[in-house]
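I opened this entry to look at one residue, then at the contacts around it. My notes follow in the order I looked things up.

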Protein chains: 2
Amino acid sequence: MNTKINNSNNQVIHSIGIIGSGNVAWHLAQAIHALPQLQIAWIYSRNQETLSELGTALNCEIVTSLPQQKVDLILICVNDDNIQAIVNQLPKDASIAYTSGVVTLNELSFQQSNFGVFYPLQTFTRKKDIALKDIPFLIEATNEAFTIQLEQLAKQLSSNVQRISSEQRKQLHVAAVFTNNFVNHLLYLAQQHLKQNKLDEHLLQPLLKETIAKVTELGPFQAQSGPARRNDLKTIETHKQQLEGIAKTIYSTISESIIKTYHS
Amino acid sequence: MNTKINNSNNQVIHSIGIIGSGNVAWHLAQAIHALPQLQIAWIYSRNQETLSELGTALNCEIVTSLPQQKVDLILICVNDDNIQAIVNQLPKDASIAYTSGVVTLNELSFQQSNFGVFYPLQTFTRKKDIALKDIPFLIEATNEAFTIQLEQLAKQLSSNVQRISSEQRKQLHVAAVFTNNFVNHLLYLAQQHLKQNKLDEHLLQPLLKETIAKVTELGPFQAQSGPARRNDLKTIETHKQQLEGIAKTIYSTISESIIKTYHS
């Protein structure tokens, strides 16, 4: 057993095939391409437009059919719903990892012995530069040797590489929805409230900046302030009267949650 | 009328008395103290401990009774609920401004002819340094001349000085609750979810940082992503099954609001 692992450890990923040309592929491909010890052998995507753009940016071979030339790793960077269909088209002896934060290993059907997850926890925007080095890469694979290979690859891109299970990754993704999607929507509701009251939309930017600085420094439990934190029911009631529809419901529900956190 | 305004314009605030020694007083007093053309004549507070600390930090006179020596402006930096009681103790010929984001002019009873609002829109934390120069100062007063005086004072502290009405200030405060209090609480819920699943609490920090960078660059409408943005009801249902209690309710309500924003 040890011998097998040690042998496998000696296998290092050099050549990579990338499947997908969306936001995640865009950033991972460029980061991999920038490392001299790694080589992108080909990039495949169904989207000809974004594929061509990415191929031009990297000056590497783009392909429009699968399977392709054998590589040390095929990295699947497609939407969650399309992963299975891609896996079905790949050779049984391929080493495969996918980048989803949601899809668990056991909900996929595959025959490859080297199969895993290579999940960069970040919101990626095409053509918006972002440093990968601080981004957590969450790794999981069907065997120890391949897990180590994926970790070694991730460590070349980031200083924050961790192993987590499929179940933990699913839970992490929910927390990421709160952190990214929901925070963003609250900021949208705040902006709409300013617009409705003919207030300058940029008024809240310094507050947002300091909110994040404070929560990062003190942690969210200590950083909490406001009427619900003080259990100031009078102000909460006044605020609710200033709101309507679903924004009012959100105000009530989050206030209730804050009160419960600090006053029960 | 013009003559009167012009005469009043010539009055510039030099000497200031500060009432309060909490977070707002702490930051405003230090910023005012740092300007050579302004002078803090005295600081009053019921809280002897924080008052003494602030007096020591500024090396200025602290007092424990009201009224005190006449100044160009008395700045009331106390909790919303205590403003009226303070106003009742001040001379009729005093020029007064208070720093609340919530209390409207017409809900206070006062006899002074120079009475107004000097509201710095920020979350202040005692002893946590913050640059005032980008912070919006929202100004309102009972007459034009005093409004101009307060504006001129604010412009010495910040490059973002705006006039808004009491009603707008109340609405702005609701939007500030979404931006600060509620964003902070979502981050608390995300952190709790990580803890409950034995995940590293710091995993989401790079995502938070990029979330804020993205929303600042693109605006919240464009920056929105995630299952609710895509109307991906399957993932939303899976996520809800991973949550319980009020966190689940918050997940449902905000998801519904996002779907309504983009798909109705």
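I am working from a predicted model. I began with B:V177. Leaving aside neighbours within four places in sequence, I found B:V177 in contact with A:G226, A:P227, A:H239 and B:F182.

Next I checked where B:V177 sits. I placed B:V177 in helix α6 of chain B. Is B:V177 buried or exposed? B:V177 has 25 C-beta neighbours inside 10 Å, so I logged this residue as buried; the cut-off for that is 20 or more. I also looked up a distance along chain B. B:D200 is 23 residues from B:V177 along the chain, and their C-alpha atoms are 28 Å apart.

Then I turned to the two chains. I noted 73 residues of chain B in contact with 73 residues of chain A. On the chain B side, α6 (166–196), α7 (205–218), α8 (220–223), α9 (233–241) and α10 (245–263) each supply at least two residues. Which of them gives the most? It is α6(B), with 24 residues. By class, I recorded 38 nonpolar, 27 polar and eight charged residues on the side of chain B that touches chain A.

Last, I followed A:H239 into chain A. Helix α9 (residues 233–242) of chain A packs with helix α10 (residues 245–263) of chain A at about 160°, their axes 9 Å apart. I therefore call α9(A) roughly antiparallel to α10(A). Their crossing is right-handed. From α9(A), the contact uses A:I236, A:H239 and A:K240; from α10(A), it uses A:K248, A:Y251, A:S252 and A:S255. I sorted the residues of this contact into two nonpolar, three polar and two charged.

Methods:
Residues numbered from 1 in each chain as written. Chains lettered and ligands numbered in written order. Predicted model: local features only at pLDDT ≥ 70, side-chain atom pairs only at ≥ 80, totals over all residues. Contact = placed C-beta atoms within 7 Å. Helix = DSSP H or I, 4+ residues; strand = E, 2+ residues; numbered from the N terminus. Nonpolar A, V, L, I, M, F, W, Y, C, P; charged D, E, K, R; others polar. Buried ≥ 20, exposed ≤ 12 C-beta atoms within 10 Å, placed from the backbone. Axes fitted to C-alpha atoms, helices over the stretch in contact; angles between N-to-C directions. Parallel < 35°, antiparallel > 145°, perpendicular 65-115°, else oblique. Left-handed = near helix turned anticlockwise from the far one by under 90°.
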